[in-house]
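Reader: I would like to learn how to read a model of this kind, one feature at a time. Could you take me through it?

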Amino acid sequence: MNAVAGPAASDRWFTPILIFDLLAALAMVGVMWAALLYAGDAINLDGEEQVAQRIFYFHMGSNIAALLGFLGSVIGSVGYLFSRRLVWDRWAAASVEIGTIFGILVLLSGAIWAKPAWNTYWTWDPRLTTATITVLIYIAYMLFRNGFDDPNTRARFASVYALFAFLSVPLTYYSARLFRSIHPIVFDGANEDAQGGFGIGPTMGQTLTIAMIGFALLFLAILFHRVRQLEFEARIEALRENYDE
């Protein structure tokens, strides 16, 4: 009976996965159109057009997806610590994995953007440095999880680790404000000129909104797939243990 109930119960994933897959696909088409065709070129402080700045929308979109992943790990970790249900740990683990991938995309897209803007792919700027540290902290989270065989022990350790790891996220966000940084503060127009910022016109602002929504939907679509996969893996492991007994 259990073997039959397992696949039947998995049908509950079909509808949300299908919905978010379709929404994410349509949204990303919209992001590509808006970023490459609709948005105007950025104008730097010298009045020059910056065509390469179009990667900014993918950079910020990845930023939002990474933030959702790291925030999701906090929600999943708190849920597990209060309920001791492993389903929360699966949501936390999936959120970290996907958030870390998007965090790496943030660093890569930022490097591509930095080359024409700063004439270098990398500099030890506070924002870049703290963002890199954050990604490394979450990579360590995934590595440490593999060091525990017992799922409950692994979940307890991972939950506590994820809560402390999230402290690096607001530090990264405020680093450009707290320290001398050449990284532009996109959502603080008063400081744009002082910190290498750029003017955001109407089409750029609209495209930025489209990109953030599109990448948020993409994150959720991937998250549903990964949680579903982790649930299946847990069921297979449970069946294997019952069979061995």
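**Reading a buried glycine and a helix pair**

Author: G72 counts as buried because its relative accessibility is 17%, where buried means under 20% relative accessible area, exposed over 50% and partly exposed in between, with a 1.4 Å probe and protein chains only. This is a predicted model, in which local features need pLDDT of at least 70 and side-chain atom pairs count only at pLDDT 80 or more, while totals for chains, interfaces and linings use all residues. Residues are numbered from 1 along each chain as its sequence is written, and side-chain values use heavy atoms, with hydrogens and water left out.

Reader: Which residues does G72 touch, not counting residues up to four places away in sequence?

Author: Contact means heavy atoms within 4.5 Å, and G72, which lies in helix α3, touches A92 and S95 beyond that sequence range.

Reader: At what angle do α3 and α6 pack?

Author: Angles run from 0 to 180 degrees between N-to-C directions, with axes fitted to C-alpha atoms over the stretch in contact; under 35 degrees counts as roughly parallel, over 145 as roughly antiparallel, 65 to 115 as roughly perpendicular and the rest as oblique. Helix α3 (residues 55-83) and helix α6 (residues 151-165) pack at about 130°, their axes 9 Å apart, and are therefore oblique to each other.

Reader: Where is confidence lowest, and where highest?

Author: pLDDT is the predictor's confidence in each residue, from 0 to 100. Helix α1 (residues 2-9) has the lowest mean, 44, and α3 the highest, 96, while the protein has a mean of 84.

Conventions:
Helix = DSSP H or I, 4+ residues; strand = E, 2+ residues; numbered from the N terminus.
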